[in-house]
Amino acid sequence: MQQTRYNARKSISRPSTVPSNPQNTSSSSSLPADSVGLVTPQQQHFDQPLSLACGRDLPGFTLVYETYGELNKDKSNAILVCHALSGNAHAAGYHSVDDKKPGWWENYIGPGKPIDTDKFFIVCINNIGGCDGSTGPISIDPDSGEIYGPDFPPLRVRDWVHSQKRLMDFLAIEQWAAVIGGSLGGMQVMRWALEYPDKLRHSIVIASSMKLTAQNIAFNETARQAIMADTEFHDGYYIKHNTLPRQGISLARMVGHLTYLSDDAMDHKFGRELRSGSFQLGQDSDLEFQVESYLRYQGQKFSEEFDANTYILMTRALDYFDLAREYDNDAGRAFANAQSSFLVISFSTDWRFAPERSKEITNALIAAGKDVVYADIESNFGHDAFLLKHPRFEAIFHAYMQRVEASCQNGQQESSHAG
Amino acid sequence: MRVEFDVIKQWIQPKSRVLDCGCGDGTLLLELKNSKAVDGLGIEIDHDNFNACIRKGLSVIDQNLDSGLSNFADNSFDMVVMTLTLQAVRHPDKVLEETLRVGKQSIVAFPNFAHWSCRLHLSSKGRMPVSKFMPYTWYNTPNIHFCTIKDFEALCHERGIKIVNKEVTSQDGRFSSLVKIWPNLFGSMAIYHLSN
């Protein structure tokens with residue numbers, strides 16, 4: 001999934017500051033014209049404790065977030081973008097002209113892009129429990145004065161939604177024009193629609209699911225076990241031991257990564273190409289396939305960037321999510337509470353969040369009598385497809401966002417039969 | 001707007017829940033939404049049509065009718081509409097029955113293959129009819145199950161489907177008096193309002 005630029009040590013010592021003035025500094029000429037350009041992350045501390053689903057309280061917390069575009073006068077054009085498992089607040093633009101890579105959803109956020117920064121005010125927040133600036137396992141627990149580590153409270157998707165609501169209030173936004181997210185981000189969108197039904201007009205749920213299947217939970221558990229089995233893990237207190245479970249998180253990332261790609265995509269990208277060695281008879285050199293080298297590189301890179309406790313926490317939140325659990329497992333009944341319109345998107349070769357899961361969401365929305373647009377996009381790129389450019393996905397996303405834009409101009413709930 | 005839409009409109013109750021199977025660019029659904037305040041949902045597989053529906057602000061899902069309507073509950077719609085679509089599905093009889101499971105009633109419009117021009121084309125040229133109305137050749141046509149008005153009524157009879165209303169139209173409204181007398185010869189399109 002998403003690339004991060006996290007640096008554990010830097011983030012731990014990052015001071016809590018008053019938010020700087022919003023936001024995109026003038027774009028530089030060396031950056032692509034269809035990019036929002038240079039952006040600066042902001043942060044906001046909330047003193048009020050946050051009651052969590054697990055029964056514990058988070059005694060105050062900091063959210064790091066980025067915004068793109070301008071909030072209009074009546075504050076009707078605000079969009080919340082929710083990130084996925086390994087994502088962060090940096091959804092679009094560049095932090096410096098030297099950045100090699102833009103934000104994780106640069107393909108869909110920018111001037112003239114589906115989430116058009118010329119039309120909307122976009123907010124993307126690094127979720128609590130994350131490791132990219134917002135309060136999480138690598139933050140200091142104010143009660144003990146030590147790093148939370150594995151003692152950071154377990155989180156559920158709704159905890160993120162409630163923390164995001166705090167920032168919404170801080171920004172004095174009364175209603176999101178849309179809440180948008182892919183994968184774990186899509187789960188947050190659906191939770192928003194149920195927890196704060198009158199606080200959003202459109203819900204855009206991409207490559208997501210109302211609950212994980214056993215196979216999906218099994219992948220997550222395999223990844224967690226890889227981390228925990230690393231001798232450098234130290235029951236999660238690796239920072240105290242001045243080390244990182246690099247091997248474990250690297251392996252976890254490799255498992256995750258291969259499930260985000262399709263068989264075809266991997267074959268197309270790597271085939272059986274060798275990076276080193278040869279199959280020639282009589283040669284006894286070490287062989288390395290391109291795919292091995294790639295996965296190892298991705299794993300190693302990730303192990304330096306991403307916190308292992310965050311990875312465990314995020315995958316558990318994924319596993320625990322079950323939209324309809326408290327509605328007698330009746331998804332139609334759950335969605336009956338929603339007031340927004342929905343766009344649901346799946347990708348044909350996504351086997352981690354299969355089209356079938358999105359069809360279940362769509363059918364539940366239809367049963368609940370909600371406005372819904374659903375399309376399954378033909379793509380070879382598996383789950384990762386939602387991050388990549390795709391003509392049909394772009395066309396549908398664009399067309400739908402015109403509706404979102406129209407709802408901003410009305411400044412009202414546009415849905416004909418919401419509720 | 002297409003002629004059949006005027007006919008269909010008069011059979012739809014205001015504020016009813018309507019499913020349009022093969023809704024095209026959403027012209028009918030939008031008209032029904034505007035004039036009858038229906039709660040509509042479209043099913044469409046053509047990409048351009050699908051996007052046109054989104055732009056019209058309609059609810060629409062990308063679903064192939066050949067894989068059925070099993071995702072819809074019994075009687076979950078007041079009316080299921082299917083215009084110029086029945087002849088393009090793999091199992092028209094099953095789809096027809098499905099429209100009356102999912103909908104309390106249904107409306108089906110299809111081109112009449114027994115129209116005099118088709119008969120003339122086939123009998124004089126000995127080749128499958130190709131016209132402005134049916135522009136495809138036999139091997140590339142999406143219309144794989146053409147039927148006549150008599151065929152359709154025979155199917156309805158066989159499956160116990162009630163014909164509530166029926167309207168047969170001719171192209172450009174020509175020969176309208178002849179259509180009344182010999183619908184299966186002069187009617188180019190038949191529109192049926194059906195129930196179980």
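How many residues of strand β8 (residues 121-125) of chain A are buried? Select that strand: five of its five residues are buried, where buried requires 20 or more other C-beta atoms within 10 Å of the residue's own, with C-beta atoms placed from the backbone. Strands here are DSSP runs (E, at least two residues), as are helices (H or I, at least four), numbered from the N terminus.

Before going on, note that this is a predicted model, in which local features need pLDDT of at least 70 and side-chain atom pairs count only at pLDDT 80 or more, while totals for chains, interfaces and linings use all residues. Residues are numbered from 1 along each chain as its sequence is written, and chains are lettered from A and ligands numbered from 1 in the order in which they are written.

**Stop 1: around β8(A)**

Show the side chains of β8(A). Phe121(A), Val123(A) and Ile125(A) lie on one side and Ile122(A) and Cys124(A) on the other, and both faces are covered. Thr67(A) has Val123(A) as its bridge partner.

**Stop 2**

Select α11 (391-410) of chain A. This helix gives the most to the side of chain A that touches chain B, with seven residues. The contact takes 20 residues from chain A and 14 residues from chain B, two residues being in contact if their C-beta atoms, placed from the backbone, lie within 7 Å. Now select β16 (372-377) of chain A. Two bridges join β16(A) to strand β3 (residues 59-61) of chain B, in parallel, with Ile61(B) as the partner of Tyr374(A).

**Stop 3: β4 of chain B**

Move to strand β4 (residues 77-83) of chain B. Six of its seven residues are buried, so β4(B) is largely enclosed by the rest of the structure. Strand β1 (residues 17-21) of chain B pairs with β4(B) in the parallel sense over three bridges, and Leu19(B) meets Val80(B) as bridge partner. Strand β5 (residues 103-111) of chain B also pairs with β4(B) in the parallel sense, over six bridges.

**Last stop: confidence**

Colour chain A by pLDDT, the predictor's confidence in each residue, from 0 to 100. The chain A average is 91, but pLDDT stays under 50 over residues 1-28 of chain A. Where pLDDT is low, the predicted coordinates should not be read in detail.

Note on methods. A residue is buried if 20 or more other C-beta atoms lie within 10 Å of its own, exposed if 12 or fewer, and partly exposed in between; C-beta atoms are placed from the backbone. Two strands pair if DSSP finds at least two bridges between them.
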